[in-house]
Amino acid sequence: MGASVPDHFERMWSDLAPVGRSAHSGGYFRQPFAAAERELDAWFVEQVSARGLRLETDAFGNRIAWWDAGEGPGVMTGSHLDSVLDGGGYDGPLGVVSALAAVDRLHERGFRPARPIGVSVFVEEEGSRFGLACLGSRLATGATTWAKAQVLKDRDDVRLDEAMSSSGMTGGDPWLDRSRVACFVELHVEQGRDLVDRGAAVGVASRIWPHGRYRFDISGEPNHAGTTRMEDRHDPMLTYAMTALAANKQARLAGQRATFGRVDTAPNSTNSVPSAVTAWMDARCESDEALASLVGAIVRQARDRAERDGTRLTVTPESVSGAVDFDPDLISRIAADHEDGDWPVLPTQAGHDAGILSAQGIPSAMLFVRNPTGVSHSPAEHAEMPDCLAGVDALAETLARLAS
Ligand code: GLV
Ligand code: MN
Ligand code: MN
């Protein structure tokens, strides 16, 4: 592959830049099993074949490209290629492109791994289409079952199994054989400003906050917006509005996070009191207990308000992930003893496939690359090219340590 590693990285990055990008916002729409994400998947297969790696694909479309070397269980790295709706270009693809570039770096140095090195891509990490975060890694590791997952539906009522079968996949049993994976290291753009504050291009994750998504279904009584007296209404929009304010207030009081970022209303008519509102809350806390207590406080206030409004409320947890503490030995093997000192170790409030693999017993860790604004899940997400290249070097160094 002739060119230098920075050239490889920049070439790969510019290959990906236009795929799934909105001309309007500049953000990305790379939902799983839809055209843009499938184009990225095909691009990954081409990159793998250009490097002579051996590709394994499971029944959900998760992929691992193996550099078969040495013996024993492998060191796996990688991330995801899907995005949130109108997301940034770095969340996910940076980890995949950096993994391929790190393999190139190791080849360039003539490194001979003592164990296999795998580059993975897990599907639907964001849960932006089917609602369950890290769906691919959950299915691959058996953290959820195909029976439960196949009936998940997207916003257009398309079931997961239907969406997958049009891409030629069938679903089935868990696939990732733990005995073949010694550890997993996911490189990711930082989704906060810790590394900016510390003046470091690269850091290592310590833990992931527990987080969950909860669907609030509120039904009321549809009626005329003009002729229905205010005191005669049973308006689910009011129950929702008060719940969104309560979530913000309770999260601030507790020093935690709660967000309503998605809402549907029926019939969505300007001159009608709505019949129903469905809204999704994302909540994240520093401990499992704090998460249960925050969600409990918000739901209690929502129920009180529903009673006053004469509406009906049901709350359904759709995707809940417990706290994850990454493997301490792995963290210190990665972060310690560098020429420029130890790499900073920091927690994150964002979810990742590395968290699922860790919870399923695979020693896991993460590298973060500085994000100058800290903005993420937005078209404004960014990392500077020199920091991305520092991330590639850090990942290559990490793989060399773990596969020696
Ligand atoms: C995934 O990025 C999440 O934290 O929601
Ligand atoms: Mn991500
Ligand atoms: Mn994300």
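The model is predicted, so local features need pLDDT of at least 70 and side-chain atom pairs count only at pLDDT 80 or more, while totals for chains, interfaces and linings use all residues. Residues are numbered from 1 along each chain as its sequence is written, chains are lettered from A and ligands numbered from 1 in the order in which they are written, and side-chain values use heavy atoms, with hydrogens and water left out.

Visitor: Which residues surround ligand 1?

Guide: Here a residue is near the ligand if one of its heavy atoms lies within 4 Å of it. By class, the shell has 1 nonpolar, 2 polar and 2 charged residues; Ala counts as nonpolar, along with Val, Leu, Ile, Met, Phe, Trp, Tyr, Cys and Pro, while Asp, Glu, Lys and Arg are charged and the others, Gly among them, polar. The residues are Glu-126, Arg-284, Ala-350, Gly-351 and His-377.

Visitor: How far is a polar side-chain atom of Arg-284 from an oxygen atom of ligand 1?

Guide: Let's take the polar contacts in turn (pairs of N or O atoms within 3.5 Å; within protein, one must be able to donate a hydrogen and the other to accept it, and residues adjacent in sequence count only if both atoms are side-chain atoms). A side-chain N or O atom of Glu-126 is 3.0 Å from a ligand oxygen, and for His-377 the distance is 3.1 Å. For Arg-284 it is 2.7 Å.

Visitor: Which residues touch the most other members of the largest nonpolar core?

Guide: A nonpolar core is a set of buried (under 20% relative accessible area, with exposed over 50% and partly exposed in between; 1.4 Å probe, protein chains only) Ala, Val, Leu, Ile, Met, Phe, Trp, Tyr and Cys residues joined through side-chain atoms within 4.5 Å. The largest one has 78 residues. Those touching the most other members are Phe-9, Phe-44, Leu-94, Leu-176 and Leu-367.

Visitor: Is Ser-83 buried or exposed?

Guide: Ser-83 sits in the loop between strand S3 (74-79) and helix H3 (93-108), as DSSP runs numbered from the N terminus (helices H or I, at least four residues; strands E, at least two). A polar atom of the Ser-83 side chain lies 3.2 Å from the backbone oxygen of Tyr-28. With a relative accessible area of 3%, Ser-83 is buried.
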